Amino acid sequence: QVQLLESGGGLVQPGGSLRLSCAASGSIFSINHMGWYRQAPGKQRELVATITSGGSINYVDSVKGRFTISRDNPKNTVYLQMNNLKPEDTAVYYCNANIITGRGQSSPYWGQGSQVTVSS
């Protein structure tokens, strides 16, 4: 059984910072890409940032220069450092990882979601 456990969401004022973490656990052979998505009320889930096992990174244009994705491969953990947060960043943030299990099966897995609210 593979699980992704997120932590680090919360309420922050505009211009503030938060750091999200997502740790994968269970029968893991390897992890390919990892990433963060978000879903605001009434909107579709959108990709925020991704990082491959080799460290290649992509961001949605709206967060470039403000958000930083990173990963700790030995810890099977991905992070999202969010700086200069804006009210439009308010959403539930989900981590995602493409994991090859000990049985050799490759599947996408999702975290439970973390609420990020940016408000004064």
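Predicted model: local features only at pLDDT ≥ 70, side-chain atom pairs only at ≥ 80, totals over all residues.

Colleague: What makes the charged end of Arg45 count as sitting over the ring of Tyr94?

Modeller: The distance from the ring centre is 3.8 Å, and the cut-off is within 6 Å, together with a limit of within 35 degrees of the ring normal. The charged end of Arg45 is listed as over the ring of Tyr94.

Colleague: Why is the pair of Tyr37 and Trp110 called edge-to-face?

Modeller: A search of the whole structure finds 1 aromatic pair. The ring centres of Tyr37 and Trp110 lie 5.0 Å apart with the planes at 65 degrees; planes over 60 degrees apart count as edge-to-face, so the term applies to this pair. The pair links distant parts of the chain, with Tyr37 in strand S4 and Trp110 in strand S10, 73 residues apart.

Colleague: How do you know whether Arg38 is buried or exposed?

Modeller: Arg38, found in strand S4, has a relative accessible area of 6%. Buried means under 20%, so Arg38 is buried.

Colleague: What makes the link between the side chains of Arg38 and Asp89 a polar contact?

Modeller: The distance is 3.0 Å, and the cut-off is within 3.5 Å. A polar contact of 2.9 Å also joins the side chains of Arg38 and Tyr93.

Note on methods:
Residues numbered from 1 in each chain as written. Heavy atoms only, no water. Helix = DSSP H or I, 4+ residues; strand = E, 2+ residues; numbered from the N terminus. Buried < 20%, exposed > 50% of the residue type's maximum accessible area, 1.4 Å probe, protein only. Polar contact = N/O pair within 3.5 Å; in protein donor to acceptor, adjacent residues only side chain to side chain. Phe/Tyr/Trp six-rings, centres within 6.5 Å; stacked < 30°, edge-to-face > 60°.
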